[in-house]
Amino acid sequence: MPTPQETRPDPAEAARADPAALLSRLASGDRQARLRHTRRIPERAARTADLPSWVTPSLAGALLGEGIATLWSHQVETAEAAHGGEHVVVATGTASGKSLGYLVPVLSDVLDGASAPTGRGATALYLAPTKALAHDQLDRVTRLALPGLRVATYDGDTPPEERRWIREHGAYVLTNPDLVHHSLLPGHERWAPFLRALRYVVIDECHVYRGVFGSHLALVLRRLRRVAARYRSYPTFVLASATVADPGGHAARLIGMPVRPVTLDGSPRAAVTIGLWEPSIRPVTDAESGVTARRRSAVAEAADLLADLVDEGVQTVAFARSRVGAEVLAQAATRRSADRGGAAADHYEAGGSRGETTADRDGTVGSGAVIAAYRGGYLPEERRILEGQLRSGHLRGLAATTALELGIDVSGLDAVLLAGWPGTVSSFWQQVGRAGRAGRESLAVLVAADDPLDGFLVRNPEAIFDRPVEVAVVDPDNPHVLAPHLVCAAAELPVTDADLAPDLFGPGAGPLLDRLVADGVVRRRPTGVYWARDEPPAASVSLRGIGQTVRVVERSTGRVVGLVDESRADAAVHPGAVHVHQGRSFVVTALDLDEGSALVVAGDPGWSTQARSVSEFNLGKVREQVSSGPLTAAFGEVTVHHQVMSFLRRLPDGEVIGEHPLDLPVRTLSTTGVWWTLPEETLLDVGVDASGIPGALHAAEHAAIGMLPLVASADRWDIGGVSTARHPDTGLPTVLVYDGYPGGAGFAQRGYAALHDWLAATRDVVAGCACRDGCPSCVQSPKCGNGNHPLDKAGAVRVLAHVVSLLERCGPE
């Protein structure tokens, strides 16, 4: 037995116990200026309530066996509403136990229904946006060991023989919207017994369903409601969400019916220390873009911080904004830790000079790793291994995409790093909430990316901490989304006039049906509108976007490496493009748009690629407009013509080593956008000369795209922009920012509604940037098809300042 003198304090425990001191150590020395702001969020006390009396005894006993004798107040409020047949959404913080709020009524009623002659007096359907989340739900329910409960996951990984058993015997089925769309609804006759008993539909992480994806889900749920009604079933919908603005309104738009919101969080929360971190500026030379200084990337900076935290024994998850970013972050953190003999040294030597982090040479995912990457796209067994190693504490550091943000129930994390602003205030708090699950104080650090919005936020912390969360945009009336779902609905059951009710497909579906009938896609009969062809239409409709996907296929093996939206294929997988998947580089050798495939060969050529393109646009119907003096701003319909013309090859230091022509088709996008115009003489008056107008407008356009997510729930990759010194439709200098989806996704409309605030913040970011001629933190765009040329930062400040001053005299009508 050790004596008191032999007992040594655990340095890792000491590091975890004082997040503020830990943050100070991270920001010591030459890093001190990088920490721009520190905020401590105080702890929150618990509010408890008794378990409802109607809970079935076996479930109450199982909960008591897990030490759950009482519930948080929001869990009981949610459970009571759902059990009473009221559609309800619970929107509380991360790790607040939202799932128990719907599991109590769902499991209780399903268990009570097990005594029915069929064994399924009540069934429930659970929808998650990711497979991993559904499997985590299965693990949690299975641990309760409830006798007689038949629960199973039903997704793309489920073997055919198990699918039949689930359809015939499953009572609580865990799946995702894609399987409902592709399998359950088209084959609803095979699900008839399950649907007849359908009591609940649970929609987890419903804040994820926004934009085009949310519009698709809203229509899938309307199709589910009408098919369930065919079997005389009218289920109660229970939704769970991170904190969002107007959760009841968002949930109601998703299901098409009123929803009761539960927003008062009764769970306890330990204090969290949050740091806002801006990487330093370093000199670079880039003849192509003219950049002479650039901030260090958020991924590289977060990798250093992740290595530091892991070496201190602080279990940390670092969120990256892309799959590639997560892979690179994990690799870089492993190298940094290993180079100084830290926690990753042994694994780094075993993995070789590349410092593999997700698959060692023996092919075992994460074997021996203390730092690994986690993202969507991994095989099920790969995901399970990484999740298990994180829970056990074997993994000390994880670089993740939002696949982990979406509810994987991981406990005991000490710190969270955000490599770049996650896009919305809601996602920020969701990711920050991943730390402190064990009830102790935690640390979160937002590392700003080289991006206008990120720089604005770390320099204006009130825009994070004092700003309400965003409204999630969902538009199920978008004809480009609605039309294919009408076709799918007609294949499931004939579409009748009753289906055009406002709570289903709406009156706007009538003209769309007429057009589909005229095109011969569907047929009108006295009993309704029917699908006119043999093949099922759902197979050709993707819920994750609008349009088709392109398969990325390894030439030597025929293995499908990944999928790319067809709209992005020209820029992402053109011939000669370097494509990165799970840390491995591939070079595209051929792109066949007709076949929907891109052939690749494995290998890292030592450079990256960037597509270059040209764009033109036509302005259509104006839906809203405002004028102030010489300024006119409008929201309406636009048509954008886009063509990828060539691609650049860049070395890791950014140097351009070649440009190569491409022969790809012109893409046409009919969407919605916001635009503004000013006469040339007005621009001359504010100090922008005629030769500088293209660069000033181009720079203002880039900055405005980067700042639109401040007022709309969008990612800058969901948005496009074009500017011109004289547009044929206006005869004036014109700047356009548009939604990157057919028919629009609501982002530009939100921008128009907040035009003054949006452009004022854009002006402040550009004017306040320390660079001389423009950089990625203000007016340069990572996706510019013109190689960020021409750009005039000073001219952009003059243009934006004048536009804002004119907008202050009026407001959009």
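Exposed, as the word is used in these legends, means a relative accessible area over 50%, buried means under 20%, and partly exposed lies in between. The views below are taken from a predicted model.

**View 1. A salt bridge between neighbours, Arg-772 and Asp-773.** The side chains of Arg-772 and Asp-773 meet at 2.8 Å, N to O. Arg-772 has a relative accessibility of 68% and therefore counts as exposed, whereas Asp-773, at 44%, counts as partly exposed.

**View 2. Strand E9 between its two pairing partners, E4 and E8.** Strand E9 covers residues 236-241, and because six of its six residues are buried, the strand is largely enclosed by the rest of the structure. Thr-236, Val-238 and Ala-240 point one way from E9, while Phe-237, Leu-239 and Ser-241 point the other way, and the residues of both sets are buried. Strand E4 (residues 88-91) pairs with E9 in the parallel sense over four bridges, and here Val-88 stands opposite Val-238. Strand E8 (residues 198-203) likewise pairs with E9 in the parallel sense over four bridges, with Val-202 opposite Val-238. The chain passes from E8 through helix H10 (residues 211-230) to E9, in a β-α-β crossover that is right-handed.

View 3. The structure holds 31 salt bridges, and two of them are shown here. Arg-260 is partly exposed at 31% relative accessibility, and Glu-77 is partly exposed at 28%. Glu-492 counts as buried at 7% relative accessibility, and Arg-223 is buried at 0%.

**View 4. A network of salt bridges.** Arg-31, Arg-34, Arg-296, Arg-336 and Arg-340 are linked with Glu-301, Asp-304, Asp-308 and Asp-311 in a network of salt bridges.

**View 5. Thr-130 in the loop between strand E5 and helix H6.** The loop that holds Thr-130 lies between E5 (123-127) and H6 (131-143). Thr-130 is buried, with a relative accessible area of 17%, and its side chain reaches the backbone nitrogen of Leu-133 at 3.2 Å.

**View 6. Aromatic pairs around Trp-421 and between Trp-676 and Trp-758.** The count of aromatic pairs comes to ten. The rings of Trp-421 and Phe-428 have their centres 5.4 Å apart and their planes at 25 degrees, so this pair is stacked; Trp-421 and Phe-428 are both buried. Trp-676 and Trp-758 form an edge-to-face pair, with 6.3 Å centre to centre and 90 degrees between the planes. This pair links strand E29 (residues 667-677), where Trp-676 lies, with helix H26 (residues 755-768), where Trp-758 lies, and the two residues are 82 residues apart. Trp-676 and Trp-758 are both buried. Ring pairs also link Trp-421, Phe-428, Trp-429 and Phe-465 into a cluster.

**View 7. Arginine side chains over aromatic rings.** Arg-230 lies over the face of Tyr-231, at 5.0 Å from the ring centre. Arg-649 lies over the face of Trp-607, at 4.5 Å from the ring centre.

How values were computed:
Residues are numbered from 1 along each chain as its sequence is written. This is a predicted model: local features need pLDDT of at least 70, side-chain atom pairs count only at pLDDT 80 or more; totals for chains, interfaces and linings use all residues. Side-chain values use heavy atoms; hydrogens and water are left out. Buried means under 20% relative accessible area, exposed over 50%, partly exposed in between (1.4 Å probe, protein chains only). Two strands pair if DSSP finds at least two bridges between them. A crossover is right-handed if, with the strands pointing away from the viewer, the path from the first strand over the helix to the second runs clockwise. A salt bridge is a side-chain nitrogen of Lys or Arg within 4 Å of a carboxyl oxygen of Asp or Glu. A polar contact is a pair of N or O atoms within 3.5 Å; within protein, one must be able to donate a hydrogen and the other to accept it, and residues adjacent in sequence count only if both atoms are side-chain atoms. Rings of Phe, Tyr and Trp (its six-membered ring) pair if their centres lie within 6.5 Å; planes under 30 degrees apart count as stacked, over 60 as edge-to-face and the rest as tilted. A charge sits over a ring if NZ of Lys or CZ of Arg is within 6 Å of the ring centre and within 35 degrees of the ring normal.
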